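Colleague: I'd like to learn how to read a few features off a model like this one. Could you walk me through them?

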Amino acid sequence: MAQDKQNEANIASMDENKENVSDPGVGLEILQIIKDSQQQHGLRHGDYQRYRGYCSRRLRRLRKTLGFKMGNRHKYTGKKITEEMLSDSRYLLLVLMEAERSWSYAMQLKQEANTEPRKRFHLMSRLRKAAKHGQKLEKLCESPSIDAKTKLEAQAYTAYLTGMVEFELQEWKPAMEAFNKCKTIYEKLASAFTEELAVLYHQRVEEISPNIRYCAYNIGDQNAINDLMQMRLIGGGGNMMAEKLEALITQTRAKQAATMSEVEWRGRTLPVKIDKARIFLLGLADNEAAIAQASNEDTKEHLYETLLSECRDTIQAVREELKAEKQRERGPDADTGKVSNLQFLHSYLSYIKLCTVVKRNESMAHTLQAKLKDPHNDENKRGPKPQDLIRLYEIILQSLAELSTLQGLEEDHTFQKEMALKTLVYKAYRCFFIAQSYVLVKKWSEALVLYERVLKYAKEVQSKAKSIGDKELPDVQELIAEVNAEKYSLQAAAILDTEEVNEAPAERPVKDNTPLCDRLETFRLDPALVGKQPNLVHFPPGFQPIPCKPLFFDLALNHVAFPPLDDKVEQKGKGGLTGYIKGIFGFGS
């Protein structure tokens, strides 16, 4: 009671200080600093080792800046932070970082203790040290120079660390008291500020609420298990608390499984002697209800994966028992042709697994289909495409094919008809999205043929569904209406595309490497002309022949006067025939 009155007084003084513009007290935003540091340095991905390294480096920087050295390399000299030093809030930050370093080391050891149990002793040592640093911080904040808000946050932080220590020691009552104290202080702080500032405190309250309910359950509050199941749906409490919730749920189911001895399926009662199978079958209805109540797709996907993981482990346990049974019964009457109860139980568990795969992929397909129809998709991000949905329906059809071959159900004609009808339904959906992918690439004829195939499948499903009356069968009436609408719009698009080809061939883009200078007389729509590399002229230009330059010019030839040769020409002419005859016979030589 005295502590609560002190907290109320701190909140009242904090409200008064908010009205005063100048607050003389030294303050430290403890929760804000912690959350920002954790989100920026590893805890967004659960990397406690990285966060611990950051705390160590920040401590070293603070000590160096403040001149608060703890000795030298040869000798350690312990120093204490006193009230006289609190004029600087960095001394409070120094103690806070020491507590955070010890806490992050403890959380790192907690992850490693799953495979190395001996590390649990070191874990408890680090947690106690973190709580000790928290108490030191709270004691320093009792100084009159510290403002009221910092005092309250220090008390809440210390209560949280103390609660973590008691929680790991399984001292449920002290842990619950510490967490409740922490929750009360943060709720009061949230009520004293505006909504924007109070968001951080509300988030902290949501984080510690699963711990409080878990402590209440272990103390004896049986109603707390329902609250824990709801917290499991919304993913509260972080990874560490989620592991404890899963362990608690498994433990609760194990207690209830002691009364379960048999299960009925497809008109046959099966004795269930394997404990793992009992626990799984007992929690099957709860898991399916949790999936139906899931608030968002991420939570639903996580629950589906959890259910499939448990189912695979159970099938493996039954398979090992089945091998042992076959070895025991090996003899002349081993091959009687009758499916044993254990083999039929294996078929039942395989049926659950395959049906869960079908439901999970169908849920993912509905989500992708809604995004595909959303006109406000971000163009910068890659949105869903029909090819993604085709892959999902391929997996569904593969699962249905495996369901049809389960041992012990070959002669169950009703079951086989149900599987055949579901196969037709999902074939119709797969064919529809294949047609959608053809529409995207403007292959109108192929898409039209596939739409006709979808209508054929859908009408076949409608004609056969009345005789079977399966309530889980998806309705294909909406698919038929959508196909009819798409088919008419497809025909219109095909006609418009044909008219554009026939009527305006010159306006269509033409891929031609001829430069613009060679086709100036022809108009062609060439988007490359306004791009970064327009094709305007031949580049580099071609070679052309040119006359060679002469070696010299005879400029003197025009000014030279040659001697006359008339006398020589006349003498040659006077010789006549006589001179010719003399020349022949050698008389004139």
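This is a predicted model: local features need pLDDT of at least 70, side-chain atom pairs count only at pLDDT 80 or more; totals for chains, interfaces and linings use all residues.

Colleague: Let's start with charges: which side chain does Arg63 meet in a salt bridge?

Modeller: The general idea is that side chains of opposite charge can pair when their charged atoms come close. The cut-off used here is a side-chain nitrogen of Lys or Arg within 4 Å of a carboxyl oxygen of Asp or Glu. In this case, Arg63 pairs with Glu98, at 2.8 Å from N to O. Helices here are DSSP runs of H or I with at least four residues, numbered from the N terminus.

Colleague: Is Glu98 buried or exposed?

Modeller: Buried means under 20% relative accessible area, exposed over 50%, and partly exposed in between (1.4 Å probe, protein chains only). Glu98 has 12% relative accessibility, so it counts as buried. Ser102, also placed in helix H4, is buried as well, at 5%.

Colleague: What does Ser102 touch?

Modeller: Take contact as heavy atoms within 4.5 Å. Leaving out residues up to four places away in sequence, Ser102 touches Arg126, Lys129, Ala130 and His133.

Colleague: Back to charges: how many salt bridges does the structure hold?

Modeller: There are 15. One of them joins Lys35 and Glu207, again at 2.8 Å from N to O. Lys35 lies in helix H2 (residues 30-40) and Glu207 in helix H8 (residues 195-219), so the pair links parts 172 residues apart in sequence. Lys35 is buried at 12%, while Glu207 is partly exposed at 32%. Another pair is Lys119 and Glu116, whose closest N and O atoms are 3.6 Å apart. Both are partly exposed, Lys119 at 24% and Glu116 at 39%.

Colleague: And the loop between helix H17 and helix H18: which residue has its place there?

Modeller: Leu536 does; the loop runs between helix H17 (477-503) and helix H18 (566-574). With 39% relative accessibility, Leu536 counts as partly exposed.

Key:
Residues are numbered from 1 along each chain as its sequence is written. Side-chain values use heavy atoms; hydrogens and water are left out. Helices (H or I, at least four residues) and strands (E, at least two) are DSSP runs, numbered from the N terminus.
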